[in-house]
Amino acid sequence: MRSSAGSEGEKVTTPSVGIANHRFAYGYYRQTFWNWLIGTAFFLGGLGAGLFVLGLLTDHTAGMLAGYLIVVVGKNTAHMLFLGRPERFWRAAMRPDRSWIARGIWAMGLFAASGLILLLPRVFGPAWQLSGWLNGAATAVAVLSAIIIMFYDGFVMNSSPGVAFWRTHLLPLLLLMYATLGGTTLSVTIHELRGEPTPGFLPNLEHWLLLVNFVLLAVYLARMNRSLPAARETLHQLLSGPYARVFFGLVLLVGLFATLLLLIVENHVQATWLVVLIAVCELTGDFTLVMVLLKSGLFPLQTAPAYGAGGI
Amino acid sequence: MARYGMVIDLKRCIGCNACTLACKQENGTPEGIHFARVVTREVGTYPATKRTFLPVLCNHCSDAPCAEACPTGATYIRPDGIVLVDKEKCIGCRACNVACPYMNRHYVAKGLLKHGYGTDGLSPYEAIKFMDFEEGTNIKCTLCAPRVDQGLEPACVVTCPTDARIFGDVEDPNGKLQGLIKDRKGWTLSPEYNTKPNVFYLDE
């Protein structure tokens with residue numbers, strides 16, 4: 001409860017502001033426009049692109065192919081299912097100078113083409129191999145576009161001023177690091193499932209990324225605590241509201257802590273099922289983070305200076 | 001060129017929602033979509049309580065974040081400041097919905113145009129009005145652009161029984177809107193979002 005001056009100057013006690021349950025009510029409105037399909041597209045884009053880059057780095061065709069298919073088939077399907085008029089999707093590529101959605105579409109198009117050029121000789125034999133410089137150019141384009149796919153969703157969210165919880169440049173960085181972590185985890189799992197020796201740096205990278213992502217997440221939340229009122233309310237909802245169990249349980253406990261613990265165990269007890277369990281835990285946390293970031297977002301109160309932070 | 005906008009006098013607003021209904025009638029929007037609405041809040045503790053009313057509509061911002069976020073250019077700002085949507089270009093990505101801090105963008109979900117209010121089918125009125133919309137695209141307040149183009153005022157303005165809404169050129173230094181904004185310290189919603197709204201409120 002707080003006291004504020006009413007429009008006639010008298011003192012009235014104002015109840016704390018809650019979540020509005022319809023559009024004629026006063027309060028914070030939940031972001032409901034971007035749903036699980038967009039969350040799935042963001043998750044698959046980061047995961048697939050991360051896996052592709054790591055596959056290229058470790059010269060691992062299975063990883064590259066899986067990453068390519070996750071992006072080209074998985075992410076694009078989720079996007080198309082989400083769009084209200086999917087037959088006009090090409091129009092979204094028209095403004096790369098201003099829109100991160102348009103830049104993302106260009107990146108996905110370039111990735112699809114350059115990734116295919118790299119994969120064809122690996123899958124179907126050297127007859128498909130292009131000349132040296134063309135192959136080099138395709139590699140550069142594939143890596144660059146994959147990296148853009150790993151983080152551009154963060155900029156898409158970040159450039160949506162309606163949801164204050166997304167208004168920080170930490171978000172693209174957070175999504176980039178989570179995409180790298182997801183790609184690393186899946187790369188290790190594919191190596192294990194195919195009975196191939198895992199490159200030594202991958203498990204170490206996974207350890208470090210878990211720690212880095214935890215710190216980044218903490219910094220992101222701390223940053224939001226000093227942001228606009230709608231961002232602070234979102235943070236409050238995330239930490240003690242309806243999404244708290246999901247956030248603490250799946251994002252932190254399962255996605256970060258359990259994954260780290262299982263990785264430490266896996267150093268001593270090497271078993272395929274353990275590697276798969278690590279992947280399930282990490283990817284669950286990865287996907288849940290994207291979903292809670294999307295679903296917990298709140299639109300601001302309709303406030304004005306004359307009425308103070310309490311709004312009308 | 002004029003920049004159209006509105007001043008809403010909260011001292012005059014009685015929360016009757018006549019503007020909401022007039023907008024509904026003029027635009028024939030589908031169920032659950034209101035271009036104009038009155039946000040109501042109860043404040044105080046019994047028995048010292050009261051209701052406050054805030055009529056809201058698209059602010060037709062000069063720096064409209066919905067137009068900025070639109071990847072196709074479907075959302076555009078006319079030279080007279082009215083923010084409109086070209087439904088032929090809209091792909092239904094809903095970037096404008098999450099860009100607008102005022103929640104004044106509306107998505108026409110699939111199936112929404114197949115039924116009217118409380119019925120399975122459409123009334124003759126809805127059948128005509130719904131032809132203006134397309135499922136899977138975004139719609140918004142047009143500031144009654146077709147009326148404005150004929151020299152008329154928006155439906156919500158002419159309907160308001162207390163004359164709480166004043167429509168006109170917000171940039172005309174000698175216009176009635178500028179005078180009201182200056183004399184009565186007009187303010188805009190959520191100025192911290194830097195969207196430069198063209199709907200101003202008066203409460204002094």
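Me: Hi! Before we start, is this structure predicted or experimental?
Reply: Hi there! This is a predicted model.

Me: Thanks. Let's begin with charges. How many salt bridges does the structure hold over all chains?
Reply: Over all chains there are 16 salt bridges. As background, side chains of opposite charge can pair when their charged atoms come close.

Me: Okay, show me one. What does A:Arg122 form a salt bridge with?
Reply: The partner of A:Arg122 is A:Asp59, and their closest N and O atoms are 2.9 Å apart. This pair links distant parts of the chain, 63 residues apart. A:Arg122 belongs to helix H3 (residues 100-124) of chain A, while A:Asp59 is in the loop between helix H1 (36-57) and helix H2 (61-82).

Me: And is A:Asp59 buried or exposed?
Reply: A:Asp59 is exposed, with a relative accessible area of 55%. For A:Arg122 the relative accessibility is 32%, so that residue counts as partly exposed.

Me: Now something between chains. Which residue of chain A does B:Glu134 meet in a salt bridge?
Reply: That would be A:Arg85, with 3.5 Å from N to O. The pair crosses between chains: B:Glu134 sits in the loop between helix H4 (124-129) and strand S7 (138-140) of chain B, and A:Arg85 in the loop between H2 and H3 of chain A.

Me: How accessible is B:Glu134?
Reply: B:Glu134 has a relative accessible area of 15%. The cut-off for buried is under 20%, so B:Glu134 counts as buried.

Me: Which residues are linked with B:Glu134 in a network of salt bridges?
Reply: The network links B:Glu134 with A:Arg85, A:Glu87 and A:Arg88.

Me: What about B:Asp80, what does that one pair with?
Reply: B:Asp80 forms a salt bridge with B:Arg78, and the closest N and O atoms are 2.6 Å apart. Both of these residues are buried.

Me: Switching to rings! How many aromatic pairs are there over all chains?
Reply: There are 16 aromatic pairs over all chains. One of them joins A:Phe124 and A:Trp128, whose ring centres are 6.2 Å apart with the planes at 50°, so the pair is tilted.

Me: How open are those two residues?
Reply: A:Phe124 is exposed, at a relative accessible area of 57%. A:Trp128 is partly exposed, at 46%.

Me: And how are the rings of B:Trp187 and B:Tyr201 arranged, stacked or tilted?
Reply: Their planes are at 25° and their centres 5.3 Å apart, so this pair is stacked. B:Trp187 lies in the loop between helix H7 (176-183) and strand S9 (199-202) of chain B, and B:Tyr201 is in strand S9, so the pair ties together parts 14 residues apart in sequence. B:Trp187 and B:Tyr201 are both buried.

Me: Which residues do ring pairs link into a cluster?
Reply: One such cluster holds A:Trp34, A:Phe42 and A:Trp166.

Me: What sits over the ring of A:Trp100?
Reply: The charged end of A:Arg103 does, 4.7 Å from the ring centre. In chain B, the charged end of B:Arg94 sits over the ring of B:Tyr107, 3.9 Å from its centre.

Me: Let's look at helix H7 of chain B. Which residues in it are buried?
Reply: B:Leu177, B:Gln178 and B:Ile181 are buried there.

Me: What do the buried residues of H7(B) pack against?
Reply: They pack against strand S1 (4-9), strand S8 (165-169) and S9 of chain B.

Me: How much of S1(B) is buried?
Reply: Five of the six residues of S1(B) are buried, so the strand is largely enclosed by the rest of the structure.

Me: Last one: how does S1(B) run against S8(B), parallel or antiparallel?
Reply: S1(B) and S8(B) run antiparallel, joined by five bridges. Within this pairing, B:Ile8 has B:Arg165 as its bridge partner. With S9(B), S1(B) pairs in the parallel sense over four bridges, and there the bridge partner of B:Asp9 is B:Leu202.

Key: Residues numbered from 1 in each chain as written. Chains lettered and ligands numbered in written order. Predicted model: local features only at pLDDT ≥ 70, side-chain atom pairs only at ≥ 80, totals over all residues. Heavy atoms only, no water. Salt bridge = Lys/Arg side-chain N within 4 Å of Asp/Glu carboxyl O. Helix = DSSP H or I, 4+ residues; strand = E, 2+ residues; numbered from the N terminus. Buried < 20%, exposed > 50% of the residue type's maximum accessible area, 1.4 Å probe, protein only. Phe/Tyr/Trp six-rings, centres within 6.5 Å; stacked < 30°, edge-to-face > 60°. Lys NZ or Arg CZ within 6 Å of the ring centre and 35° of its normal. Contact = heavy atoms within 4.5 Å. Pairing = 2+ DSSP bridges.
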